[in-house]
Amino acid sequence: EAAMSGVNLLDSFLAGEIDADGNGLFGEDFFYISELQMDEEEWDSYRIGERLDLDNDGADELIIYGPYGGMYLDASADTVKVFAVGEGTAGNLSYSYCDNEYWIVHSDTMHGGRKYHCFDKYSGADNLVESVILEMHYSEENTTEPPKYYFNREEISEAEYNELYQKYSGTE
């Protein structure tokens, strides 16, 4: 019997016919769509989003919006698995499009004193090919003290930070 395509696997997951592998990223080892809270009135509810090639492998992943950005599901090798997941206010999940490729973004902009963005580029869900970290640190007590900006832990200027943020967030 031929292997199911990724599209069919995602459709089967959405139809409740197969489960998804939490992949060590989600709270459950395996879960069905029916186990996700879909009541839109609740802050922690999920809703089905679009499909985009978020790991740049030529096949679309499924976006499920939810707490802290939700999760992205990859279908390959006869399995649906969690590819990326929101990890709380310090790891809010989103994605960007830069240089004709998608980047997975984990951000912390809710905590005082810092703004943190990690941009990860994949070539297939299991193959992280590039990672970029942009940070801004500032004093909430001393508002006259200028913020410090970092690119991959190296201090940079505010202008460089803004340029890099616009590039990697796909807003330039």
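**Close-up views of a predicted model**

**View 1. A buried aspartate meets an arginine.** D108 counts as buried because its relative accessibility is 2%. Like everything shown here, this residue belongs to a predicted model. D108 forms a salt bridge with R114, and the closest N and O atoms are 2.5 Å apart.

**View 2. The whole chain, for orientation.** Before we look at further details, here is the overall layout. The protein chain has 2 helices and 12 strands. Reading along the sequence gives the pattern α-β-β-β-β-β-β-β-β-β-β-β-β-α. Along its principal axes, the C-alpha trace spans about 65 × 35 × 25 Å. Of the 172 residues in the protein chain, 41% are buried.

View 3. Find L9 in helix α1, which covers residues 6–14. Is L9 buried or exposed? L9 is buried, because its relative accessible area is 3% and the cut-off for buried is under 20%. The C-alpha atoms of L9 and T79 are separated by 7.1 Å, although these residues are 70 apart along the chain. Now look at D11, whose side chain meets that of R51 in a salt bridge (2.7 Å, N to O). D11 lies in helix α1 and R51 in strand β3, so this pair ties together parts that are 40 residues apart in sequence. Both ends are partly exposed: R51 has a relative accessible area of 27%, and D11 has one of 35%.

View 4. The structure has 7 salt bridges in total. Here, E101 and K121 form a salt bridge, with their closest N and O atoms 3.0 Å apart. E101 lies in strand β8 (residues 101–108) and K121 in strand β9, so the pair ties together parts that are 20 residues apart in sequence. How does the cover of the two residues compare? E101 counts as partly exposed at 27% relative accessibility, while K121 counts as buried at 13%. A further residue joins in: E101, K121 and E130 are linked in a network of salt bridges.

**View 5. Rings that pair up.** The structure holds 11 aromatic pairs. One of them joins Y97 and Y102 in a tilted arrangement, 4.7 Å centre to centre with 55° between the planes. Y97 counts as partly exposed at 42% relative accessibility, whereas Y102 is buried with a relative accessible area of 17%. Next, look at F119 and Y168: their ring centres are 5.7 Å apart and their planes meet at 40°, so this pair is tilted. The pair links distant parts of the chain, with F119 in strand β9 (residues 114–122) and Y168 in helix α2 (residues 158–168), 49 residues apart. F119 counts as buried at 1% relative accessibility, and Y168 counts as buried at 6%. Ring pairs also link W103, F119, Y149, Y161, Y165 and Y168 into a cluster.

**View 6. A patch of negative charge.** Which residues gather in a patch of negative charge on the surface? They are D39, E40, E41 and E42. E40 sits in the loop between β2 (30–31) and β3 (47–52). E40 is exposed, with a relative accessible area of 64%.

Definitions and conventions: Residues numbered from 1 in each chain as written. Predicted model: local features only at pLDDT ≥ 70, side-chain atom pairs only at ≥ 80, totals over all residues. Heavy atoms only, no water. Patch = residues over 30% accessible without salt bridge, like charges linked within 9 Å, V, L, I, M, F, W, Y side chains within 5 Å. Areas by Shrake-Rupley, 256 points an atom, 1.4 Å probe, with all protein chains shown as cover. Salt bridge = Lys/Arg side-chain N within 4 Å of Asp/Glu carboxyl O. Lys, Arg positive; Asp, Glu negative; His and termini not counted. Charge placed at Lys NZ, Arg CZ, Asp CG, Glu CD. Helix = DSSP H or I, 4+ residues; strand = E, 2+ residues; numbered from the N terminus. Buried < 20%, exposed > 50% of the residue type's maximum accessible area, 1.4 Å probe, protein only. Phe/Tyr/Trp six-rings, centres within 6.5 Å; stacked < 30°, edge-to-face > 60°.
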